[in-house]
Amino acid sequence: MGRYYSDLETRSEDQRAQDLAQDLPRQVANAQKNSRGYGDTLQGFDPASINSREALAELPVLRKSALVHAQQSIPPFGGYEAVGMDSIHQVFQSPGPIYEMGQRNTDWWRFARFLSALDIGAGDVVQNTFSYHFTPAGMMFENAASAVGATVFPAGPGQTELQARAAADLGVTTYVGTPDYLNSILSKGDELGLDLSKITKAAVSGGPLFPQLRKTYSDRGIKCLQAYATADLGNVAYETIADDGLVVDEGVIVEIVMPGTGIPVADGEIGEVLVTSLNPDYPLLRFATGDLSSVVSGVSACGRTNMRISGWKGRADQATKVKGMFVRPEQIAQFVARHPEVAKARAEVRHDGRNDHLTLCLETDTEESSEFAQSAQAVLKLRADITLCAKGSLPNDGLVIADLRDF
């Protein structure tokens with residue numbers, strides 16, 4: 001179900017274990033030798049002994065906060081890269097700021113496997129609405145579409161009317177972007193009387209795909225599947241048309257562990273997602289994503305034999321993805337530091353069934369909110385509604401970011 005991108009997807013359990021016993025020690029040795037960021041943390045480990053998922057659990061966990069801190073000491077990637085800057089094609093900056101690397105090599109971020117599962121290939125016209133500016137998502141899918149032979153319209157986000165007109169003019173067959181934005185384009189197309197019926201496929205990421213929205217697309221004849229990915233790791237797992245969980249990508253190893261620890265949990269139990277990348281350029285080992293998920297037992301009906309996860313189940317920390325962008329507690333602290341007249345701030349995220357909404361609640365005696373709105377957008381890189389509150393009125397629950405969406 002869905003075309004396979006390579007034979008790796010249908011390996012037997014024994015063959016997969018044999019390959020892992022070679023790939024994993026090679027990557028650990030690569031990190032020890034070439035990645036300064038690991039410093040002493042990998043010393044004392046024999047790479048040959050780290051040859052299975054169980055053995056991998058012996059290595060320390062690398063947290064996002066540690067990566068950010070390391071980037072301040074050893075810019076731009078914290079020393080975790082295994083190649084020199086003269087061999088790196090692209091550098092990206094995500095909010096934080098956090099820097100990520102990229103390569104123009106075919107499908108370096110490994111999203112072609114996801115597009116293939118949705119039967120995207122030669123003859124398809126892909127409207128890529130992910131940003132090509134600062135963050136890597138646009139280039140991630142640009143490379144993948146090229147790898148499967150599709151034609152790309154590099155639209156980027158925004159300018160919805162132009163997006164709708166271009167989709168009609170170009171005969172776009174496939175949307176790529178955040179789950180919500182396709183609905184905005186379709187609605188604008190309806191308003192303008194445009195024929196967008198050729199759009200029959202949607203590959204989405206960067207936010208939750210709610211059942212109501214998926215049904216809205218299905219009712220219009222659009223098959224919409226989602227991928228779970230990060231800017232640091234690329235593709236981690238992806239849906240197939242079998243609709244039975246997300247299949248883990250062949251270029252990573254996923255563990256589900258007790259949040260805040262490196263201890264694996266039982267299959268089916270929700271825990272934090274740790275990812276080990278087999279990318280030789282950027283060997284992130286046991287990278288803690290902060291996301292929650294669980295292992296789905298058995299093998300997908302699509303025939304792909306790799307481990308499956310149940311999808312995004314929330315955050316192990318308070319960092320929250322809104323409209324495809326992370327909002328982190330340290331960003332809220334940065335905003336408050338700009339405004340001494342604000343005693344306390346709390347970000348609240350809601351969803352109306354179609355779109356995310358971010359509200360910044362501020363305890364302050366100030367009555368004018370326009371300056372706060374501009375400052376919030378500069379810090380958070382997202383537009384936020386501002387609610388002014390009396391001092392002492394916000395909940396005393398320790399939450400800087402309250403995700404009030406019902407998943």
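1. Gln159 lies in the loop between β5 (151-154) and α6 (160-170), where helices (H or I, at least four residues) and strands (E, at least two) are DSSP runs numbered from the N terminus. Its phi is near 55°, a positive value in a residue other than glycine, and at 61% relative accessibility Gln159 counts as exposed. Here exposed means over 50% relative accessible area, buried means under 20%, and partly exposed is in between, with a 1.4 Å probe and protein chains only.

2. This is a predicted model, in which local features need pLDDT of at least 70 and side-chain atom pairs count only at pLDDT 80 or more, while totals for chains, interfaces and linings use all residues. Residues are numbered from 1 along each chain as its sequence is written, and side-chain values use heavy atoms, with hydrogens and water left out.

3. Arg110, in the loop between β3 and α4, also has a positive phi, of about 70°, although it is not a glycine. At 10% relative accessibility, however, Arg110 counts as buried. Two peptide bonds deserve a look as well: the one from Pro75 to Pro76 is cis, with omega near -5°, and a cis bond also joins Gly96 and Pro97, with omega about -5°. Pro76 is found in the loop between α3 and β2 (90-94), and Pro97 in the loop between β2 and β3. As background, most residues other than glycine have a negative phi, and most peptide bonds are trans.

4. Which residues of helix α3 (residues 64-73) are buried? They are Lys64, Leu67, Val68, Ala70 and Gln71. Seen down the axis of α3, these buried residues fall within an arc of 165°, so they line one face of the helix; the arc is that of the directions from the helix axis to the C-beta atoms. The face turned away from the buried side carries the exposed residues Ser65, His69, Gln72 and Ser73. The buried residues of α3 pack against β1 (62-63), β3 (98-102) and β13 (287-293), where contact means heavy atoms within 4.5 Å.

5. The structure holds nine aromatic pairs, in which rings of Phe, Tyr and Trp (its six-membered ring) have centres within 6.5 Å, and planes under 30 degrees apart count as stacked, over 60 as edge-to-face and the rest as tilted. Phe111 and Phe141 form a tilted pair, 4.5 Å centre to centre with 40° between the planes. This pair links distant parts of the chain, as Phe111 is in the loop between β3 and α4 (112-117) and Phe141 is in helix α5 (residues 137-148), 30 residues apart. Phe111 is buried, with a relative accessible area of 1%, and Phe141 is buried at 3% relative accessibility. Ring pairs link Phe111, Phe114, Phe130, Phe141 and Tyr238 into a cluster.

6. Ala17 is found in helix α1 and, at 43% relative accessibility, counts as partly exposed. The C-alpha atoms of Ala17 and Ser52 are separated by 7.2 Å, although these residues are 35 apart along the chain.
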